[in-house]
Amino acid sequence: MPYPSIDITASSIKSQAARLGFDACGFAAAVPVDAVATARYERWLEQGHHGCMRWAAGHQDLRRDPSLLLPGAQTVISLALNYYPARFQPPGTLRVAYYAYGRDYHEVLRERLGELSRFIEATTHCATRPCVDSAPIRERYWAQQAGLGFIGRNNCFIIPGKGSFFFLGEIVTTAQLPPDEPCRLTCGDCGRCVEACPAGALSGDGAVDATRCLSCLLIENHDEVLPHWVGTVVGNRVVGCDECQLCCPHNRGAVPTTIEDFAPTPAVMTLTRERVQGMTSGEFKRTFAHSAISRLRYKTLRRNAALTSDEDP
Ligand code: SF4
Ligand code: SF4
């Protein structure tokens, strides 16, 4: 049977991605990451701004070259899935970042990327490797190269007209697909997120200092005690921080997700300090078994809750 033309294959992959609920899909040639983006990442590491995220310093060779993730790779397919909530936590609950409202996004993305990978393999007879935080890949870089949007001063990925409340996933494939035009937009002279960050974690050049970012400190840092200043700015945030996204003008047009898996769970809708303090480790495991909150660990959630105040920033 003759193979379909490259253009028909490309458009059928994008149509299938849309059928699977992805809000954006683009292609980039799987060549090594450019020198500017590599130097920027190395500088961030040298400055120690990755903080407790020690994993960020590992596998630099794989991070630079996607063909080391899949021999013969020709294309990085970048995909985005909207998680902007349709319902929000009520007053009086401890604040959870939107990304952790519902079912663990790793599970949701893995299922959908897996389905798209099988479609690509069946259509192109080429190999695929789906990635959702499962491989060292520069996902925002690739999303920009694939034309989905740009990296903001808050270091989040912004899709013009749609905002930044999107999960990103990639499929590296040996299929040669026509690359999309990289996105050249920037934040321009806006600096709202730099002003709005309660912890002074944004320098304005697009890098985040993870040693100051509340999101990193509350989620990735599992030390028994956090620096004293955290308690003075954390307010009622217990899992992550969305401040630099909420203030971003690109999120004015955010549309609620239709993916029911991302709707806030009953546990998130009723998460008070008292509830966390009264929770046993077994309850934590059962309650958050399929939630990204499970990655925080029981002790870290309790440490965070103890730091919070009633102030709703
Ligand atoms: S997540 Fe919060 S603390 Fe981190 S950079 Fe954004 S606003 Fe600042
Ligand atoms: S708030 Fe302004 S500077 Fe920050 S990411 Fe959004 S557009 Fe860029």
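Predicted model: local features only at pLDDT ≥ 70, side-chain atom pairs only at ≥ 80, totals over all residues.
1. Four strands, in the order 1-2-7-4, make up an open sheet with antiparallel pairing. Strand 1 (24–29) and strand 4 (128–131) lie at the edges with a single partner strand each, so one side of each has no neighbour in the sheet. On average, and with direction ignored, neighbouring strands of this sheet are turned by 20° against each other.

2. Pairing of strands 2 and 7. Eight bridges join strand 2 (residues 75–82) to strand 7 (residues 166–173) in the antiparallel sense. Among the residues involved, Val-76 has Val-172 of strand 7 as its bridge partner.

3. Helix 4 on the sheet. Helix 4 (residues 105–124) lies across strand 2, strand 4 and strand 7. Relative to strand 7, helix 4 runs at about 35°.

4. The surroundings of ligand 2. The residues around ligand 2 include Cys-187, Cys-190, Cys-193, Cys-247 and Cys-248, together with Arg-153, Arg-192 and His-250. By class, this shell has six nonpolar, four polar and two charged residues. Both domain 1 (6–86 + 104–173) and domain 2 (192–307) supply at least three residues each to the shell around ligand 2.

5. Helix 13. Buried residues in helix 13 (residues 298–307) are Thr-300, Leu-301, Arg-303, Asn-304, Ala-305 and Leu-307. The buried residues of helix 13 pack against helix 7 (214–219), helix 8 (228–233), helix 11 (273–277) and helix 12 (281–287), and also against strand 8 (237–239).

Note on methods:
Residues numbered from 1 in each chain as written. Chains lettered and ligands numbered in written order. Pairing = 2+ DSSP bridges. Helix = DSSP H or I, 4+ residues; strand = E, 2+ residues; numbered from the N terminus. Axes fitted to C-alpha atoms, helices over the stretch in contact; angles between N-to-C directions. Contact = placed C-beta atoms within 7 Å. Near = placed C-beta within 6 Å. Nonpolar A, V, L, I, M, F, W, Y, C, P; charged D, E, K, R; others polar. Domains from an automatic or database assignment. Buried ≥ 20, exposed ≤ 12 C-beta atoms within 10 Å, placed from the backbone.
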